[in-house]
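Reader: I am new to reading protein models, and I would like to go through one slowly, feature by feature. Could we begin with the sequence and the structure side by side?

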Amino acid sequence: GKTNMLLPNHYYGMLSPDGKQFVYYDKFYGSIVPCAWLIDFGTNETLSLDCSTGGDSLPAYILGWIPRQPDTLLAILERSGGGMGRASGFLGTISIKTGDKEILDADHYIQSAQISPNGDMVAYAADEFPLSGWLYSWDSAVTAFNPQDYGIDYSQIGSPAWSPDGTKIVW
């Protein structure tokens, strides 16, 4: 088969679950103001989701579509670069209909998060020492995850991942 480049000079792409939309980023190097973008393949319209404001500022890191809210993206908002190439921000959402952004947890600066397969919860680790785990539920908001509550004698956790059925978390 033949390969076609849909979006030259861009990187990191994420297709929506229905395949009708695509999130992508400008190349950071050489771009004056890097942005996160959404393209709708049906209308061929492009929406700017979030842009850098300069300096250490970075555009939102899109984590994915929220299954129970198909017009909303889960993201790490208000990101800024740190030492050693690290970038942190706050867990939040971006509406692809209005562009509105909402920070879900303003108390914890994070680097990684993952939404559960059914979309009911988000697991994330705070960018603090020692690393701490958190769960966000659309119904009950933020809850601390303490591995010692599950018989695990380990105080530093990070980079969560859900099992395919959403019943277990690996940190």
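**Reading turns, strands and rings**

Author: N44 is exposed, with a relative accessible area of 59%, where exposed means over 50%, buried under 20% and partly exposed in between, using a 1.4 Å probe and protein chains only. This is a predicted model, in which local features need pLDDT of at least 70 and side-chain atom pairs count only at pLDDT 80 or more, while totals for chains, interfaces and linings use all residues. Residues are numbered from 1 along each chain as its sequence is written, and side-chain values use heavy atoms, with hydrogens and water left out.

Reader: Where is the place of N44?

Author: N44 sits in the loop between strand 3 and strand 4; strands (E, at least two residues) and helices (H or I, at least four) are DSSP runs, numbered from the N terminus. These two strands form a hairpin with four residues between them.

Reader: What is phi of N44?

Author: Most residues other than glycine have a negative phi. For N44, however, phi is near 65°, a positive value in a residue other than glycine. A141 also has a positive phi, near 65°; A141 lies in strand 12 (residues 141-145) and, at 34% relative accessibility, is partly exposed.

Reader: In which sense do strand 3 and strand 4 pair, and over how many bridges?

Author: Two strands pair if DSSP finds at least two bridges between them. Strand 3 and strand 4 (residues 45-51) pair in the antiparallel sense over six bridges, with I39 opposite T46 in strand 4. Strand 3 (residues 35-40) also pairs with strand 2 (residues 21-26), in the antiparallel sense and over five bridges, and there Y25 stands opposite A36.

Reader: How many aromatic pairs are there?

Author: A pair of aromatic rings is described by the distance of the centres and the angle of the planes. Rings of Phe, Tyr and Trp (its six-membered ring) pair if their centres lie within 6.5 Å, and planes under 30 degrees apart count as stacked, over 60 as edge-to-face and the rest as tilted. By this rule there are four aromatic pairs. Among them, F22 and Y24 are stacked, at 6.3 Å centre to centre with 25° between the planes, and Y24 is buried at 7% relative accessible area.

Reader: Why is the pair of F90 and Y109 edge-to-face?

Author: The ring centres of F90 and Y109 are 5.0 Å apart and the planes lie at 65°, so the pair is edge-to-face. The pair links distant parts of the chain, 19 residues apart, with F90 in strand 8 (residues 87-95) and Y109 in strand 9 (residues 101-115).
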